[in-house]
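User: Please take a close look at one part of this model, namely the stretch at the start of the chain. I would like a connected account of how its elements are arranged.

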Amino acid sequence: MRSGWAKAMARPWNDTSPDAALRLERGSAEFLSQCAAQLCSKGANRVLSPPLDRSMSKVWTDAGFEQALVLDLHRRSLVTPIPQPDHFVEDGSEQDWSEAARIDTAAFATTWRMGALGLEEARQATPNNRFLVTRDGDRLTGFAIVGQAMSTGYLQRIAVDPADHGAGYGRSLVRATCRWASQRGAVAIILNTQPDNEAAAGLYRSEGFEVTKGALAVLGRAC
């Protein structure tokens, strides 16, 4: 979506939701409002922003967006030792991508699913990135998307098939992503998760992550 210099990207929020995801690359609140109106005219129920910190939210609130979802931000120093994964973690192939999208849909409630387009956006969010997977034989059990920019790693997405919860695949993926980011010069890695996902938060705490003071918010505008 463009208007002169201004540019934004839009996609379905996920594969099952009638909401739209809008990402502003550059432009004013007026342009952002026009983008939202256009998405509403195409049938979206609601237009949602990416997770934003407070410093990035003003242009959205000026365009009529309000807080819709809150996310906790977790950080782990990569200076401290990172244990080896308990499972074999390998690079995923393009053939694994559709199965990863299926796992993402199965692992999260509708609001929190990314869908295939959202996962691809997460993979392209940083200049360096990796798609990692775990398996039980030939069957995919979990995946992670990790990126790195400058001295920071970003665990963009991690999901384990509900049929394999409790087997330790998530822990192995967390460790593998931390090790990957550390090997590329990152000194810390961050991720976000919904505040009521205590199982995920407990895993991250046990792997050395701490909740930071600055929560993120997804802003929304109803159609």
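Analyst: In this predicted model, glycine 4 takes a positive phi near 60 degrees in the hairpin of β1 and β2, which has two residues between the strands. Strands here are DSSP runs of E with at least two residues, and helices are runs of H or I with at least four, numbered from the N terminus. Residues are numbered from 1 along each chain as its sequence is written, and side-chain values use heavy atoms, with hydrogens and water left out. Local features need pLDDT of at least 70, side-chain atom pairs count only at pLDDT 80 or more, and totals for chains, interfaces and linings use all residues.

β1 (residues 2-3) runs antiparallel to β2 (residues 6-12) and is joined to β2 by two bridges, pairing being counted when DSSP finds at least two bridges; serine 3 has alanine 6 as its bridge partner. Six bridges join β2 to the antiparallel β3 (residues 20-26), where leucine 22 is the partner of alanine 10.

Helix α1 (residues 29-41) buries Ala29, Phe31, Leu32, Cys35, Ala36 and Leu39 (buried means under 20% relative accessible area, exposed over 50%, partly exposed in between, with a 1.4 Å probe and protein chains only). These residues lie on the same side of α1, because they cover an arc of only 160 degrees around the axis, the arc being that of the directions from the helix axis to the C-beta atoms. Glu30 and Ser41, on the other side of α1, are exposed. The buried residues pack against β1, β2, β3, β4 (46-48), α2 (58-62) and β12 (216-222), contact meaning heavy atoms within 4.5 Å. After α1 comes glycine 43, with a positive phi near 110 degrees.
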